[in-house]
Amino acid sequence: MSWDSYVDNMVSSGNVSEGALLGIDGSIWAKSASLNLTPEEAVAIAGGMGEASGAYFQANGCVVAGTKFFTLRFMGDEGIFYGKKGASGVCIAKSTQCLVVGLYKEGQTPGACNVTVEGMKDYLVGAGY
């Protein structure tokens, strides 16, 4: 199975509008075709997720595909970030080797997006990633 299929699986759930898998170094493993995530944004996300304090996200928010999400909650010990902008938002979950990124838009439930993203992270951890 390619990394793209993991992203497609999250999107096909209906809980995630767009998604990505990033290496913990910020490399882009896979992303939705419509997600214009830049390499610079991916590296910044990885850097923020690598901090235990969450200071980077508190100061800068999280930029995904040109959209700046403000920090709702960062749990460094669990490797979870929740961000929001208007009716849309983002959930990022860190496994041992990668970051699972899921976005939701108006009409989608933030909690359902979080469950989908965190579930994918748990699956990847179980598979050694």
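Student: How many salt bridges does a search of the whole structure find?

Tutor: The search finds one salt bridge. This is a predicted model, where local features need pLDDT of at least 70, side-chain atom pairs count only at pLDDT 80 or more, and totals for chains, interfaces and linings use all residues. Residues are numbered from 1 along each chain as its sequence is written, and side-chain values use heavy atoms, with hydrogens and water left out.

Student: What makes the pair Asp122 and Lys121 a salt bridge?

Tutor: The term asks for a side-chain nitrogen of Lys or Arg within 4 Å of a carboxyl oxygen of Asp or Glu. Here the N to O distance is 3.1 Å. So the pair qualifies.

Student: Why is Lys121 called buried?

Tutor: Buried means under 20% relative accessible area, exposed over 50%, and partly exposed in between (1.4 Å probe, protein chains only). Lys121 has 14%, so Lys121 is buried.

Student: And why does Asp122 count as partly exposed?

Tutor: Its relative accessibility is 46%, so Asp122 falls in the middle class.

Student: What makes the link between Thr116 and Asn15 a polar contact?

Tutor: A polar contact is a pair of N or O atoms within 3.5 Å; within protein, one must be able to donate a hydrogen and the other to accept it, and residues adjacent in sequence count only if both atoms are side-chain atoms. The side chains of Thr116 and Asn15 make this contact at 2.9 Å.

Student: Where is Thr116, and how do you know whether Thr116 is buried or exposed?

Tutor: Thr116 is in helix α4 (residues 110-126). Helices (H or I, at least four residues) and strands (E, at least two) are DSSP runs, numbered from the N terminus. Thr116 has a relative accessible area of 15%, so Thr116 is buried.

Student: What about Ser32: why is this residue called buried?

Tutor: Its relative accessible area is 9%, so Ser32 is buried. Ser32 sits in the loop between β2 (28-31) and α2. Leaving aside neighbours within four places in sequence, Ser32 is in contact (heavy atoms within 4.5 Å) with Val7, Val11, Glu18 and Gly19.

Student: What makes a set of residues a nonpolar core?

Tutor: They must be buried Ala, Val, Leu, Ile, Met, Phe, Trp, Tyr or Cys residues, joined through side-chain atoms within 4.5 Å. The largest such core here has 19 residues. Ile45, Val64 and Ile92 have the most contacts inside it. Helix α2 gives the largest share, four residues. Apart from this core lies another, of 18 residues, among them Tyr6 and Met120.
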